Amino acid sequence: MIGLDLSKLKSVNDKYGMFHAMTEKESVEGSFHFSAKDNLTSKDMETCSGSRILEGYRPAFDATAIAKMRAAGGELVGKTNMDEFGFGTFSANSGFEVPRNPFDTERACGGSSGGSACAAAVFEDHVSLGVSTGGSICCPASFCGVYGIAPTYGRVSRYGLIDYGNSLDKIGILSSKATDLRKYLGIIAGKDEKDPTSCVQPDFNPGYRKLSSVAVPKEGMEGLSKDVESAFRKSLETLESMGTEIEFVEMPSLKYAMPAYYVLATSEASTNLARYVGMRYGQQEGDLSLKFDDYFTSFRSEYFGDEAKRRILLGTFTRMVGFRDRYYAKALQVRKVVIDDYKRILATHDAVLAPTMPFTAPRFDDIANMSALDAYKADYLTIPANIAGTPHMSVPCGYGSDGMPIGMQFVADHWDEEILLSVAEDWEKVFESKKPEVTI
Amino acid sequence: MKIGLEIHVQLPTKSKMFCSCPTTDAEAPNTHVCPTCLGMPGSRPVLNRKVMEYGIMLAKMLGCKVADTTWFSRKTYFYPDMTKSVQITQYDNPVGEGGIYYLGGKKPIRITRIHIEEDPGKTKRVGDQSSLVDYNRSGIPLAEIVTEPDLSTPAEAREFLGQLIQDIRHVIDLPGDGERSIRCDCNISVGKERCEVKNVTGLKNVERALTFEVIRQTKILKAGGKIERETRRFDEERGVTISVRKKEFEADYGYIDEPDLGVYHIKELAESIKIKESPLKMTLRLADQYGIDQKMAKQLVTTSVGLAELFETVANRTDVQNAVKWVVGPVSANWKSLGDKDLQPIVDTICRFSAGGITDTECGIEIKSYMTGEDASAVMGAAADLDALIVKFLDENPGLIDDYRKNDKAANKVIGFVMKNSGGQYSSSDVVDATKKLIESRL
């Protein structure tokens with residue numbers, strides 16, 4: 001890792017591609033520096049949510065999370081690259097630059113908060129705001145070997161978050177230091193009258209609790225790469241030695257979470273993306289002689305990426321008359337089942353634990369050969385907690401034979417960020433994480 | 001023939017439905033806007049509680065069952081005036097369902113549902129090639145009332161709307177131009193298949209559009225043709241409806257729940273809300289309870305609900321006869337000049353008359369003087385002058401009393417004479433009252 005020298009920001013970014021937009025200041029004036037995923041609106045920096053359709057968009061307001069970080073003395077140094085609107089697992093579906101993994105620049109950072117994980121891994125004393133819809137904080141945290149927490153749905157105001165799936169989106173923290181999670185989540189958490197879904201939360205003042213027991217779903221041990229499985233089993237031993245009881249449990253709802261997630265997320269996404277028609281903000285280069293609906297179509301065809309188009313099609317289909325009950329309404333029911341399953345297990349355990357991703361960060365050439373379905377399946381371990389709205393966190397727990405970081409994910413009950421923050425701090429004392437070699 | 005209506009009414013909140021922008025008329029286009037009503041990425045809706053309250057009030061007025069829990073949905077369609085290409089409306093569990101509303105107090109019209117939603121902006125064509133969009137209206141709250149196809153004629157549909165608007169105006173203090181701002185989707189079937197005429201503005205146009213459809217559909221059926229299910233629009237200038245799209249091209253709005261707003265538990269709120277009696281109900285009750293003519297009751301209520309309430313007070317304190325004599329008489333005649341003055345002195349005056357403390361003339365003068373703010377002696381002097389003028393005419397035309405016995409329209413001769421010869425200094429109701437009083441004293 002390297003210290004943050006703003007004069008070198010550009011050359012670091014040339015190597016890793018973590019930022020879509022960067023500060024033009026010469027030095028950090030605030031008491032700390034941070035970056036934010038590019039789907040969080042910022043007054044002074046272009047905000048595109050990874051999409052060419054928003055190119056040139058300068059929001060009139062700061063997202064609440066960014067405003068709170070600034071009010072606490074933070075200086076926003078960059079907006080991080082991401083999959084277009086959060087649609088992806090590797091940040092490779094970006095309308096702009098694809099961030100490169102600090103441990104091997106031939107490999108992906110994970111997604112969709114890939115640029116945030118990259119920045120957290122590369123810069124010392126740096127914290128990055130990420131956003132998770134289906135695993136977009138934990139996945140890149142795992143691939144880049146950093147800590148990442150997505151709090152309970154509704155814990156952090158979504159005002160100023162460019163929506164992917166409003167009932168799923170959560171703003172969280174990525175950092176190489178476990179103690180940062182508590183510190184910065186404390187800053188951005190809390191009720192905000194501009195986001196009614198943030199106003200039902202209990203107070204956020206987490207203390208310390210020792211992790212006494214975790215449940216490991218047997219379903220979560222399927223389909224893992226050898227490296228991931230062995231690193232995870234070794235971590236279980238470490239946890240046991242720390243006095244944590246480990247129990248393998250059945251969690252049958254896990255396999256239904258993924259299809260339900262893609263129905264809900266794309267249904268909501270397809271309505272969220274309907275507003276981008278080239279009329280009011282962002283990119284507006286289109287043929288104005290066309291009739292309005294032809295203009296909208298040509299504009300959206302030109303500026304949305306393939307994955308965005310795929311999800312608009314999927315999400316529009318699942319909410320059509322005749323299919324709505326079969327897909328959208330059913331997915332809402334599945335969400336309840338998943339929540340119930342977590343509640344059942346968390347009634348007798350502090351957390352549910354599984355590896356974060358089934359493999360380590362893949363090479364870009366392998367990603368290019370993956371089908372969309374293969375890529376969707378890679379998220380099967382991070383999706384359940386996201387669809388349930390339960391807080392979850394990835395911590396580094398080992399390194400593969402390829403030298404790439406491996407992470408494991410703890411899931412706690414709604415509003416119980418306390419246990420996650422406590423675990424992270426205890427874990428950091430016993431697990432020595434490697435730092436990427438950064439040279440510019 | 002079956003007619004069903006979907007009626008959109010603007011709700012009179014001070015700020016918009018999901019942001020704090022004002023709802024008042026703006027001086028320039030696109031000035032009453034903010035990130036939320038412009039649908040800027042990252043903005044979010046926050047419900048104006050007053051909109052939910054109005055929704056509940058109207059649901060109650062329409063005899064609907066108010067939902068215990070209600071929520072919002074997203075209706076997706078693409079149009080330039082729709083900032084998010086998504087309208088926040090209600091689909092499942094609207095605020096009210098299954099009501100009955102009595103037309104003219106008699107004919108039941110079933111109400112399918114009532115829901116609340118946001119209005120889009122306005123598109124204005126400029127020249128042939130382009131349009132301008134004004135988003136000042138974007139996010140103004142609306143109530144949509146959907147009826148079953150229980151209306152039988154275009155005239156009845158108009159009557160229904162007129163009554164509905166009057167009741168709505170009364171229950172939620174809708175401003176006076178509510179009638180013009182009403183927008184309606186009209187469903188009409190003469191045969192089996194129905195057509196929908198979208199977005200017709202105003203009562204008169206609803207009747208015109210429906211009448212045109214009756215004729216059009218009847219002609220097709222008579223010629224042995226088939227009515228196609230379709231959506232049409234009304235051309236106000238030409239008075240015709242025009243096909244917009246056939247059924248198979250009907251938009252699929254792909255409704256999903258609005259995740260940013262959550263679920264509203266409104267049971268307690270609904271129980272705490274009491275609505276005012278509607279003018280129609282009040283009219284029917286007054287006629288029934290006090291044994292007065294329905295026409296008279298309607299006249300009282302349409303002049304002002306306050307006047308009708310005064311009638312009730314007086315009737316209860318004295319008797320119905322006195323209430324009719326004074327409240328329907330001089331109080332009603334001078335109602336406009338009352339302003340916001342207290343009503344109690346009027347009640348007291350009539351009570352004193354009723355108890356025999358003052359004479360008929362004194363009572364009339366006191367009431368008028370109080371209501372208009374004119375000096376009592378001036379009122380009295382004017383009344384005396386008026387009386388003198390009438391007496392003079394009656395003395396000069398003694399046959400008139402006999403004519404009056406046969407037909408009370410004979411009084412019009414006196415009234416016409418006085419109006420013509422007094423230079424318009426007396427109100428017509430004063431002249432009518434004085435004439436009747438003086439004729440009847442000679443019968």
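Predicted model: local features only at pLDDT ≥ 70, side-chain atom pairs only at ≥ 80, totals over all residues.
What do the buried residues of α1(A) pack against?

The buried residues of α1(A) pack against two kinds of element in chain A: the strands β1 (19-22), β4 (100-101) and β5 (104-108), and the helix α3 (114-122). Helix α1 covers residues 9-16 of chain A, and its buried residues are Val12(A), Asn13(A) and Tyr16(A). Looking down the axis of α1(A), these buried residues fall within an arc of 100°, so they line one face of the helix. Turn to the other side of α1(A) and you find Lys10(A), Ser11(A) and Asp14(A), which are exposed. After the helix comes Gly17(A), and its phi is positive, near 65°.

Next, a helix pair, also in chain A. Helix α5, residues 178-188, and helix α14, residues 417-430, have axes that come within 7 Å and cross at roughly 150°. An angle over 145 degrees counts as roughly antiparallel, and that makes α5(A) roughly antiparallel to α14(A). Which residues make the contact? From α5(A) they are Ala178(A), Thr179(A), Leu181(A), Arg182(A) and Leu185(A). From α14(A) they are Glu417(A), Leu421(A), Ala424(A), Glu425(A), Trp427(A) and Glu428(A). By class, the residues of this contact divide into six nonpolar, one polar and four charged.

Now the two chains. How many residues of each chain are in contact with the other? The contact involves 35 residues of chain A and 24 residues of chain B. On the chain A side, α7 (254-272) and α8 (292-303) each supply at least two residues. That side of chain A has 18 nonpolar, eight polar and nine charged residues.

Last, chain B by itself. Chain B is divided into domain 1, residues 2-272, and domain 2, residues 279-442. Taken over C-alpha atoms, the centres of these two domains of chain B are separated by 44 Å. Five residues from domain 1 of chain B and four residues from domain 2 of chain B take part in the contact. What classes make up the domain 1 side? On domain 1 of chain B, the side that touches domain 2 of chain B has four polar residues, one charged residue and no nonpolar residues.

That's what I have for today.

Note on methods. Residues numbered from 1 in each chain as written. Chains lettered and ligands numbered in written order. Contact = placed C-beta atoms within 7 Å. Helix = DSSP H or I, 4+ residues; strand = E, 2+ residues; numbered from the N terminus. Nonpolar A, V, L, I, M, F, W, Y, C, P; charged D, E, K, R; others polar. Domains from an automatic or database assignment. Axes fitted to C-alpha atoms, helices over the stretch in contact; angles between N-to-C directions. Parallel < 35°, antiparallel > 145°, perpendicular 65-115°, else oblique. Buried ≥ 20, exposed ≤ 12 C-beta atoms within 10 Å, placed from the backbone. Arc of directions from axis to C-beta.
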